[in-house]
Amino acid sequence: MDYEIIINKNKCIKNEELPKKLVAIGKNEHPTISFENETDDILLEETAALFFIKMMNDFNSSHINKLIPDSGYRTIERQKRLLKYYYDRDGEEAFSYVAPPRSSEHHTGLAIDIALIINGKYTDDITGEEEEIIDLQSICYKYGYILRYPKGKEEITGYKYEPWHFRFVGLNLAKRIHESGLTLEEIKQLKYVKKLK
Ligand SMILES: [Zn+2]
């Protein structure tokens, strides 16, 4: 598995790039939409899952409000169904907030959306202002995760700021991204330019 893989609106995932081994990290008890024949297990690629569980346990042992997984691996079929669902509801508008099938990072099994239990209440309405989210964004690199769609990088990532969406890239790359303040797209471009020289 290439933990540094880029999947975005310009780069679709190929069948051979789909995760080989997925592990359940929890159950989705608050699905926004669920379709027939879908599991309520939240799945991640096995190494990404190990690191996520470690991060979540460490985080939850030192915070009153808890971090929980909200959405992990997504099949291409689910992405198709999601797009259709929102297209039927909102028309063309749907394309502005639902990634087309094969261009969602959630297909890699390396991306995770998180939610919080604040004062005992489930909330997925994350603004990025929450103390817990600020903490998580500053320590996640220690577990190989990055905030994938930061504020002010919309033109580069193609996504608006998503304070809840984290991506496993491995320890080394996560540290470099954290220290440089660059996005995954920018740092990979840098590597490519270095290779050419
Ligand atoms: Zn996401």
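1. Strands here are DSSP runs of E with at least two residues, helices are runs of H or I with at least four, and both are numbered from the N terminus.

2. Before going on, keep in mind that this is a predicted model, in which local features need pLDDT of at least 70, side-chain atom pairs count only at pLDDT 80 or more, and totals for chains, interfaces and linings use all residues. Residues are numbered from 1 along each chain as its sequence is written, and side-chain values use heavy atoms, with hydrogens and water left out.

3. Which atoms hold the zinc ion? The protein donors are His-106 (NE2), Asp-113 (OD), Asp-113 (OD) and His-165 (ND1), at 2.1 to 2.8 Å from the ion. A donor is an N, O or S atom within 2.8 Å of the metal (3.2 Å for Na, K and Ca), and since water is not among the atoms, sites may look incomplete. The angles among the four donor atoms run from 52 to 149°, and the site is irregular. For reference, four donors are tetrahedral if all angles lie between 85 and 135 degrees; four are square planar and six octahedral if opposite donors are over 155 degrees apart and all others between 65 and 115; anything else is irregular.

4. Buried means under 20% relative accessible area, exposed means over 50%, and partly exposed is in between (1.4 Å probe, protein chains only).

5. Now the greasy middle. The largest nonpolar core has 27 residues, and Phe-52, Ile-112, Ile-114, Tyr-145 and Phe-166 touch the most other members. Such a core is a set of buried Ala, Val, Leu, Ile, Met, Phe, Trp, Tyr and Cys residues joined through side-chain atoms within 4.5 Å. Two or more residues each come from strand 2 (41-45), helix 1, strand 4, helix 3 (131-139), strand 6 (145-147) and strand 7. Helix 1 gives the most, with six residues. In soluble globular proteins, nonpolar side chains tend to be buried together.

6. Pick Ile-114 and look around. Setting aside neighbours within four places in sequence, Ile-114 is in contact with residues including Phe-52, Leu-67, Ile-133, Trp-164 and Phe-166. Contact means heavy atoms within 4.5 Å. There is also a second, separate core of nine residues, among them Ile-6, Leu-173, Ala-174 and Ile-177.

7. How many aromatic pairs are there? The structure holds eight. Rings of Phe, Tyr and Trp (its six-membered ring) pair if their centres lie within 6.5 Å; planes under 30 degrees apart are stacked, over 60 edge-to-face, and the rest tilted. Tyr-86 is buried at 15%, while Tyr-97 is partly exposed at 36%. Elsewhere, ring pairs link Tyr-3, Phe-51, Phe-52, Tyr-145 and Phe-168 into a cluster.

8. Some lysines deserve a look. The charged end of Lys-9 sits over the ring of Tyr-159, 4.2 Å from its centre; that label needs NZ of Lys or CZ of Arg within 6 Å of the ring centre and within 35 degrees of the ring normal. Lys-153, in the loop between strand 6 and helix 4 (154-157), counts as buried at 18% relative accessibility. Lys-160, in the loop between helix 4 and strand 7, counts as exposed at 54%.

9. Most residues other than glycine have a negative phi. Asn-37, though not a glycine, has a positive phi of about 60°, and Asn-119 has one of about 50°. Asn-37 lies in the loop between strand 1 (22-27) and strand 2 and is exposed at 76%. Asn-119 lies in the loop between strand 4 and strand 5 (121-123) and counts as exposed at 73%.
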